[in-house]
Amino acid sequence: MKDLQNDTADRAQAYQAARMRRAVIEMCRGPGQGYAGQGLELADVMAVLFHGHLREQDRFVLSTGHAAIALYAALWSIGRMTDEQIRTYGYDGTHVEESPLDDLDGFEVTGGSLGQGPSQAAGMALGERMRGSDAHVVCEVSDGELQEGSVWEAVMFAAARDLSNLTLLVNDNGEQADGATAEVLGIGPLAPKFEAFGLHAISVDGHDIPALRDALDAARAHDGPAAVIARTVPGKGVTTFDRFARVHYVRTDADTWQNAADELDAALAALG
Ligand SMILES: Cc1ncc(C[n+]2csc(CCOP(=O)(O)OP(=O)(O)O)c2C)c(N)n1
Ligand SMILES: [Mg+2]
């Protein structure tokens, strides 16, 4: 018999992911541009994190500054940002910048300079342990960021200090600003690499909500630091965005944004 509790959680998180995707389009359609691909690809991960996995005392570090749109959507979905706030995304003078500042509620670090989050998150995890807290730190990091040496210093540090309260969540979308990550500077094979550096590594489909939930739970339960490598698809959820799948930043016309909004409204209605 299907587990009713899990079934309900799947549906609730899928619904929240659909809401977040719709919010991502709402953020970009005003200025006509933004990091829509990243917002859409991270929605399932964010739904699992912000609608179940993260507890009050836990900390979420978004290392990939330009993926801030995904965290804005998540914060909006839990009522920590308003419609009015998210609609200022990317405009001059807004606090809701394309790359965020750490003085914004929900943002632990300023992430525009890539590759810094894992070190900061490892420091937070050590600090939480030293003060006797049971807080867990989850740090998102992109595949492109894994080309930064600082990430691997942080991973070695996490292993050396046995930071069981740290999970690295890799957004492995196979792309970076200048093309396919494998072609710019290959980073694989990722799981054996993290294992060799002393982390427990779990690979997962970044759009499979139950599998993501299990992977994050297993990483949290593991006696030592862990990496969850989530394979994601840029622009996931909007079929007309296939042509943007290899585009780091989306700038397009009002009709295209409207079509995306219509498709996501239909997806939401089907789930609601
Ligand atoms: C330290 C640093 N080096 C270079 C850049 C320029 N840069 C901005 S985005 C980006 C691509 C990073 O890869 P990823 O986050 O995987 O890109 P995405 O999948 O979101 O397209 C680069 C190199 C930067 N912001 N910081
Ligand atoms: Mg990438």
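How many C-beta neighbours does Gln147 have inside 10 Å, and is Gln147 buried, exposed or partly exposed? The legends below take up this question and others for a predicted model.

**View 1. Gln147 in the loop between β3 and α7.** In this predicted model, Gln147 is placed in the loop that runs between β3 (137–142) and α7 (149–160). Gln147 counts as partly exposed because it has 17 C-beta neighbours inside 10 Å, a residue being buried at 20 or more and exposed at 12 or fewer. When neighbours within four places in sequence are left aside, Gln147 is in contact with Leu185 and Ile187. Gln147 and Thr181 are separated by 34 residues in sequence, and their C-alpha atoms are 9.2 Å apart in space.

**View 2. The cis peptide bond from Gly188 to Pro189.** The bond that joins Gly188 to Pro189 is cis, with omega near -5°, and Pro189 itself lies in the loop between α8 (181–185) and α9 (190–196).

**View 3. Asp162 and its positive phi.** Although Asp162 is not a glycine, its phi is positive, at about 50°. In general, most residues other than glycine have a negative phi. Asp162 is found in the loop between α7 and β4 (166–172), and it counts as partly exposed because 13 C-beta neighbours lie inside 10 Å.

**View 4. The crossing of helices α3 and α4.** The axes of helix α3 (residues 43–53) and helix α4 (residues 68–77) come within 10 Å and cross at roughly 40°, which means that α3 is oblique to α4. The crossing in which α3 passes α4 is right-handed. On the side of α3 the contact is made by Ala43, Met46 and Phe50, and on the side of α4 by Ala70, Ala73, Ala74 and Ser77. Sorted by class, the contact of α3 with α4 comprises 6 nonpolar residues and 1 polar residue, with no charged residues.

View 5. Not counting residues up to four places away in sequence, Val228 touches Thr167, Leu169, Val170, Ile202, Val204, Ala215, Leu216 and Ala219. In soluble globular proteins, nonpolar side chains tend to be buried together.

Note on methods: Residues are numbered from 1 along each chain as its sequence is written. Chains are lettered from A and ligands numbered from 1 in the order in which they are written. This is a predicted model: local features need pLDDT of at least 70, side-chain atom pairs count only at pLDDT 80 or more; totals for chains, interfaces and linings use all residues. Axes are lines fitted to C-alpha atoms, for helices over the stretch in contact, and angles run from 0 to 180 degrees between N-to-C directions. Helices (H or I, at least four residues) and strands (E, at least two) are DSSP runs, numbered from the N terminus. Angles under 35 degrees count as roughly parallel, over 145 as roughly antiparallel, 65 to 115 as roughly perpendicular and the rest as oblique. A crossing is left-handed if the near helix is turned anticlockwise from the far one by less than a right angle, and right-handed if clockwise. Two residues are in contact if their C-beta atoms, placed from the backbone, lie within 7 Å. Ala, Val, Leu, Ile, Met, Phe, Trp, Tyr, Cys and Pro count as nonpolar, Asp, Glu, Lys and Arg as charged, and the others, Gly among them, as polar.
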